[in-house]
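Please keep the 3D view open as you read.

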Amino acid sequence: MVCSSERQNTGLRRFHPMRALFCTALIVAVGCSGQHTNQISRPAPFVATSIARVGSIGPAEQLAGIVTPYQNVAIQSMLTEPADEVDVQEGEHVRSGQILTRLNTADLQASLQSDLATAQSDRAGTTHTVFQGSLSIEQGVEALRSAQSSLRQAQANLTRDSTDLTRDRKLVAEGYISQQQVDQQIALVQDDEQALKSAVAGLASAQANVQANGTLTSNGLQTTSVQQAQATERVALAQAQQVRVQIAKATIVSPIDGIVVNRNLNPGEYPGTRQLFTLQQVDPIYVILHASGEQIAPLRNGANVIVVSSDLRRKHFPGTIVGVLNQIAPGSTDFQVKVLLRNPNGELRPGMAVSAEIALPVIHGVRVPVTAFIDDNHNALMSVDDTSTVKTLAVTEVGDDGKTAVVTGLASGQRVVNNGQVAVGDGEKVSVR
């Protein structure tokens, strides 16, 4: 351009060879520079990729929670006796059946002896009633036999005197005896008839008496008398047994293997109605995990759990789910998962905060790296086709194990970008590695 304008401005000025050569070189240089710029292109970015394959993963749920005792036992006493001794201190490990304290039982022992004496007296009364009943029964039987004999005798007398009366009536008609003798015989028969009636009544009375007495082993007056005496004896024995139970309760023992976390009784003090001891069983021990409804949905009793305690330098403890509990408060979304684990050395203590990893059922399907998702909802990732072109695909995550996810919406064998946050987009060419 300089050369052209110079020619125009000089008009008929003489042509200079060196200046022409310079202009020619400048034009050539500018032309070559433009051609080189058009030929240079930016290289395709390198991205790490992997091939989606069908396989299985073992997903896990991460939950936080707190350690709680297996059992928390509060011990009280209803007795009004003072404590003679207290044998444990707070923080002490105790075994089931180990004595915690003994209460004074002097007045209970006195009551027991009184009740036993009453029971012994009642037992003697029962024995007396048995003998008396046996005697009454035997007397009644003898009276019955006597009444039966009297009845037979009265019947025989009546029969004999009636026969004599018939004979005397014939003799008086023939004039062998006087009418006075016949009248005497008539009076005798009438006496026999009255004696028979009396004998019948006596027999009926004796029979009723025997029936009323009964026997010592069946229903009857004497049986009920014996039963009443035996019941009185049993009442006295029951009162004695009740006192024995109170005496036994005066020795308070631990119902569990555990730790004394609270002692509220000293020698000489009366228990009253307060809580005397609090014991906690810590082997086995529970961990209560908190979760949402979505988190507990796949959980089942018996699932394996790994509990991690940051207080114990991230030590791991294996456990098992024993309960998936409903919401804590109506209307809330806070659920509880109860985990049981062994704690033989007592390392885990109630109140410690822990985290837990719960093994979920194995998932089978197309697997991709968890880092391949391009959104927080894990609904999309980037694939690379045979021409090395990037394309965004919509997928659905079925589950993941923290490193690998199983998805639907993606075919096995497709290449995906490992890092979903890499700066590439749809339609862009990439270089894979």
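Predicted model: local features only at pLDDT ≥ 70, side-chain atom pairs only at ≥ 80, totals over all residues.

1. Residues are numbered from 1 along each chain as its sequence is written, and side-chain values use heavy atoms, with hydrogens and water left out.

2. Helices here are DSSP runs of H or I with at least four residues, strands are runs of E with at least two, and both are numbered from the N terminus. Axes are lines fitted to C-alpha atoms, for helices over the stretch in contact, and angles run from 0 to 180 degrees between N-to-C directions.

3. The crossing of H3 and H4 is left-handed, a term used if the near helix is turned anticlockwise from the far one by less than a right angle. In their contact you will find 21 nonpolar, 14 polar and six charged residues. Ala, Val, Leu, Ile, Met, Phe, Trp, Tyr, Cys and Pro count as nonpolar, Asp, Glu, Lys and Arg as charged, and the others, Gly among them, as polar.

4. Next, look for an open sheet of four strands in the order S2-S20-S16-S17, with antiparallel pairing; two strands pair if DSSP finds at least two bridges between them. Its edges are S2 (49–51) and S17 (390–394), each pairing on one side only. On average, neighbouring strands of this sheet are turned by 40 degrees against each other, direction ignored. S2 is joined to S20 (residues 415–417) by three bridges, and Ser 50 stands opposite Val 416 there.

5. Another open sheet has three strands, ordered S5-S7-S8 and paired antiparallel. Three bridges link S7 (residues 99–103) to S8, where Ile 99 has Val 253 as its bridge partner.

6. Which strand is joined to S9 by four bridges? That is S10 (residues 277–291), running antiparallel to S9, with Arg 263 partnered by Phe 277. S10 also holds Pro 284, which is joined to Asp 283 by a cis peptide bond with omega of about 0 degrees.

7. The largest pocket holds about 300 Å³ of space and is lined by 15 residues, with Glu 61, Glu 294, Glu 397, Gly 399 and Asp 400 nearest its centre. S18 gives the largest share of the lining, four residues. By type, the lining divides into four nonpolar, five polar and six charged residues. A pocket is an open set of points on a 1 Å grid over the protein atoms alone where a 1.4 Å probe fits, with protein on both sides within 12 Å along at least five of seven lines; lining residues have an atom within 4 Å of a point. Points are joined across faces, edges and corners, and the volume is the space filled by probe spheres set on them.

8. Finally, visit the loop between S15 (363–369) and S16 (380–384), where His 378 is found. Its phi is near 60 degrees, a positive value in a residue other than glycine.
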